[in-house]
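Subject: Structure for your review

Dear colleague,

Please find below the structure I promised to hand over, followed by my notes on it. I would be grateful if you could read the notes with the structure open beside them.

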Amino acid sequence: MEYTRLGDTGLKVSRICLGMMSYGDPGKQEWALTEDAAEPIVRRAADAGVTFFDTADIYSRGVSEVVTGNLLRKIFRSRDDYVLATKVFFPMGRGANDGGLSRKHVHASIDASLRRLGTDHVDLYQIHRWDPETPIEETMEALHEVVKAGKARYIGASTMWAWQFAKAQHVAELHGWTRFVSMQNHYNLLYREEEREMLPLCLDQGVGVIPWSPLARGVLARAGAPAETARTGSDARIEALYAPEADRQVLDRVAELSRERGLPAAQVALAWLLHQPAVDAPIVGATKDRHVDDAVAAVGVSLSDQELAYLAEPYRPREVRF
């Protein structure tokens, strides 16, 4: 495993982040694994050197945080041995203040997340989406309060327009509040709209990029070998975000290079992403041992400039999809 600084902070993270959305309650997410089923996979990742783990309060309605906390305490000797991230925004109840990024919800949510995770702090606390109903000044001050209270070491953002991210950073800087150190956005070989504005902004400002869905919810991993999985049959977001027929040229090239290099398609697609200058640590979901093995192996896969260009060339601009 290789390690890198998250953006321009001093925080070191593994170049692969294990996404914990895959673990929780199968009753809420058909493809989610229970804690017992998840343990050998998370342990395999940790044994391979993965030290960065990302979850959110909304995953399995809090169950993912419970599973994440239980497993990390069991696997690692010390809380300082891993980097833990979670998120806030989506409604966790039916009350008028049970969602969003108001000061009330931010403070209530960090306390609830810490209880579920069984820790006194997270290393990275992220806003899951932009909240158009709350002034960004209120949100940034509330996040600053969370950091100053010792409940989070750093703050990050996820999935928004570049102008919104720039505005949030400006507001924080103007008031002397804590700035975002990371952006968790949608970025992979099948979705590259972030290259227009967000990624150049992050590079310029020293913000770490930790893309979600680096394998396009498994579509890239199955390039050249289409197969149905529990997730393809139950995850409506796959159809909402991707169009396999429209993406066929990219998928064909991933499959072709995979055959030429003798590597799984997942390793080729992840290696392409890891070569992108803004990317620190893709967030990889894993429900099988081979998912962990492919992600870790991808860190060591070197692609030539010609191979990188060959994979990227067929891409055509598309509608922005959050």
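A residue is called buried when its relative accessible area is under 20%, exposed when that area is over 50%, and partly exposed in between, with a 1.4 Å probe and protein chains only. This is a predicted model, in which local features need pLDDT of at least 70 and side-chain atom pairs count only at pLDDT 80 or more, whereas totals for chains, interfaces and linings use all residues. Residues are numbered from 1 along each chain as its sequence is written, and side-chain values use heavy atoms, with hydrogens and water left out. Helices (H or I, at least four residues) and strands (E, at least two) are DSSP runs, numbered from the N terminus.

Let me begin with two backbone angles. Ser213, in the loop between β9 (208-209) and α7 (230-234), has a phi near 55°, a positive value in a residue other than glycine, and with 12% relative accessibility Ser213 counts as buried. Arg61 also has a positive phi, near 55°, and is likewise not a glycine; Arg61 belongs to the loop between β4 (52-54) and α2 (63-75), and is partly exposed at a relative accessible area of 46%.

Next comes the sheet around β7. Strand β7 (residues 152-158) is mostly covered, with 5 of its 7 residues buried. Strands count as paired if DSSP finds at least two bridges between them; β7 runs parallel to strand β6 (residues 122-127), to which 5 bridges join it, and Ile127 stands opposite Ala157 in β7. From β6 the chain passes through helix α4 (residues 136-148) to β7 in a right-handed β-α-β crossover, where right-handed means that, with the strands pointing away from the viewer, the path from the first strand over the helix to the second runs clockwise. β7 is also joined by 4 bridges to strand β8 (residues 180-184), again in parallel, with Gly156 opposite Ser182 in β8, and β7, helix α5 (residues 162-175) and β8 form a right-handed β-α-β unit.

In helix α11 (residues 289-298), the buried residues include Val292, Asp294, Ala295, Val296 and Ala298. The buried residues of α11 pack against α1 (35-47), α10 (265-274) and β10 (283-285), contact being taken as heavy atoms within 4.5 Å.

The last topic is salt bridges, each defined as a side-chain nitrogen of Lys or Arg within 4 Å of a carboxyl oxygen of Asp or Glu. The whole structure holds 16 of them. One joins the side chains of Asp289 and Arg44 at 3.5 Å, N to O; since Asp289 lies in helix α11 and Arg44 in helix α1, the pair ties together parts that are 245 residues apart in sequence. Asp289 is partly exposed at 37%, and Arg44 is partly exposed at 35%.

Another salt bridge, at 2.7 Å from N to O, links Asp54 and Lys87, which lie 33 residues apart in strands β4 and β5 (residues 83-88) respectively. Asp54 is buried at 2% relative accessibility, and Lys87 is buried at 0%.

Arg261 and Glu307 also meet in a salt bridge (3.1 Å, N to O), and Glu307 is buried with a relative accessible area of 17%, whereas Arg261 is partly exposed at 32%. Finally, Glu39, Arg43 and Lys74 are linked in a network of salt bridges.

With kind regards
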